[in-house]
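Dear colleague,

Please find below the structure that I am handing over to you.

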Amino acid sequence: MHRSAINQLSALAALFALAAPLASAPAMAADVAAAPVYKAPPPVEEQSPWQIRVRLLGVIPDDGGKVHGVQGSDLDYSSSVVPELDITYYFTKNWAAELILGVTPHDIDGAGTISNLGKIGEVWLLPPTLTLQYHFTDFGAFKPYIGAGINYTFFFDQKAAAADALDVKDTFGWALQVGFDYMLDEHWGINVDLKKLFLQPDFDVTVAGQKLTGKADLDPWIVGLGVTYRF
C-alpha cells in the first residue's frame, strides 16, 4: 500500500478515537441530570420537657370523721372552687412528673351526735401533690394520662367557731389521677383532670373547756378544668 494511503488511514483512526468520547458525552450528561438529588432532612427541633397548666379546681371532700371518745360523732366539710397552677416535667415522651400548687378553704361542721355544734371551725389547706404520670401518645391531639403519687397537706389560718380551739395536723397522703390534654397546636391545649387524695389528718379540739382529739376523713376528690401550655 502506498505510504500516503497509510497516512490517511492513520489520520481517520485518530479522528474516530477523538470523536467517540464526544459522542457519548450527551448521554452521560443526560444520566447525570436524571440522577435523583438527595437533600439532608431538616433538623428536628426537640420539644421542651417543661409544661405548665392553669386550672380551676373543684375540691370536694368526703364527709366523715370522728371525735375520739364521743359515741356516734361525725364530721361534714364544705367544698370549694379555687384556681391552681401545676408544673410538669417530661422525662420521656410518655413518662412525666407533675406538681400541683394551690390553696383551698373549708368549713368543718359537726354531724351525727355532735350535729348540734354546727360549724366547729374553718381551715385553709395547702396540699402540694407530686404524681408520676404515664402519657398515652397514640391518639393524635387527644393525649390521655394516668398517675399516682404522694401528697403533703399543710393546714393554716385555722379558726374555731363552736369550738374553743382547733388544730388540724399536717399530714401525708396518697394520690391517684386520671385526665387528658387536647392539644390545639404544638403548644396550647385544653386539660381535664380528676384526682383522688387519701387524706385523713388528726386534730385537737377544745369544746366547752374539754380537750379532745379526733380524725378527719377528708379524702377529697379534685376536679380540674384548665389550659395547658407546652414550652
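A nonpolar core, as the term is used in this message, is a set of buried Ala, Val, Leu, Ile, Met, Phe, Trp, Tyr and Cys residues joined through side-chain atoms within 4.5 Å. Please bear in mind throughout that this is a predicted model.

The largest such core has 19 residues, and Leu-75, Ile-108, Phe-203, Val-205 and Leu-218 touch the most other members. Two or more residues of this core come from each of strand E3 (73-77), strand E7 (119-126), strand E10 (165-168), strand E13 (202-207) and strand E14 (210-216). A second, separate core has six residues, among them Leu-57, Val-59, Leu-197 and Ile-222. As general background, nonpolar side chains in soluble globular proteins tend to be buried together.

Setting aside neighbours within four places in sequence, Ile-108 is in contact with Leu-75, Asp-76, Tyr-77, Gly-118, Lys-119, Ile-120, Gly-121, Val-123, Leu-166 and Val-168.

Of its 231 residues, 35% count as buried. Where contacts join residues at least 6 apart in sequence, 66% of them link residues at least 24 apart.

At least two lining residues are supplied by each of strand E1 (50-60), strand E4 (80-90), strand E5 (95-101) and strand E6 (104-112). By class, this lining has 13 nonpolar, three polar and one charged residues.

The largest pocket holds about 370 Å³ of space. It is lined by 16 residues, and Gln-47, Tyr-90, Lys-93, Lys-143 and Arg-230 are the closest to its centre. The lining of this pocket has five nonpolar, five polar and six charged residues.

The C-alpha atoms of Trp-50 and Arg-230 are separated by 6.4 Å, although the two residues stand 180 residues apart along the chain. Beyond residues up to four places away in sequence, Trp-50 touches Ile-87, Thr-88, Tyr-89, Arg-230 and Phe-231. Trp-50 counts as partly exposed because its relative accessibility is 44%, which falls between the limits of 20% and 50%.

Two residues of strand E9 deserve mention. Thr-153 lies in this strand, which covers residues 142-160, and Thr-153 is buried because its relative accessible area is 0%. Its side chain makes a polar contact of 2.8 Å with the side chain of Asn-151. Apart from neighbours within four places in sequence, Thr-153 is in contact with Leu-125, Leu-126, Pro-127, Asp-170, Thr-171 and Leu-199. Asp-157 also lies in strand E9; its phi is near 50°, a positive value in a residue other than glycine. Asp-157 is partly exposed, at 41% relative accessible area.

Ala-208, likewise not a glycine, has a positive phi of about 55°. This residue is placed in the loop between E13 and E14 and counts as exposed, with 73% relative accessibility.

Yours sincerely

Technical notes. Residues are numbered from 1 along each chain as its sequence is written. This is a predicted model: local features need pLDDT of at least 70, side-chain atom pairs count only at pLDDT 80 or more; totals for chains, interfaces and linings use all residues. Side-chain values use heavy atoms; hydrogens and water are left out. Helices (H or I, at least four residues) and strands (E, at least two) are DSSP runs, numbered from the N terminus. Ala, Val, Leu, Ile, Met, Phe, Trp, Tyr, Cys and Pro count as nonpolar, Asp, Glu, Lys and Arg as charged, and the others, Gly among them, as polar. Buried means under 20% relative accessible area, exposed over 50%, partly exposed in between (1.4 Å probe, protein chains only). Contact means heavy atoms within 4.5 Å. On a 1 Å grid over the protein atoms alone, a cavity is a set of points where a 1.4 Å probe fits but cannot get out, and a pocket is an open set with protein on both sides within 12 Å along at least five of seven lines; lining residues have an atom within 4 Å of a point. Grid points are joined across faces, edges and corners, and a volume is the space filled by probe spheres set on the points. A polar contact is a pair of N or O atoms within 3.5 Å; within protein, one must be able to donate a hydrogen and the other to accept it, and residues adjacent in sequence count only if both atoms are side-chain atoms.
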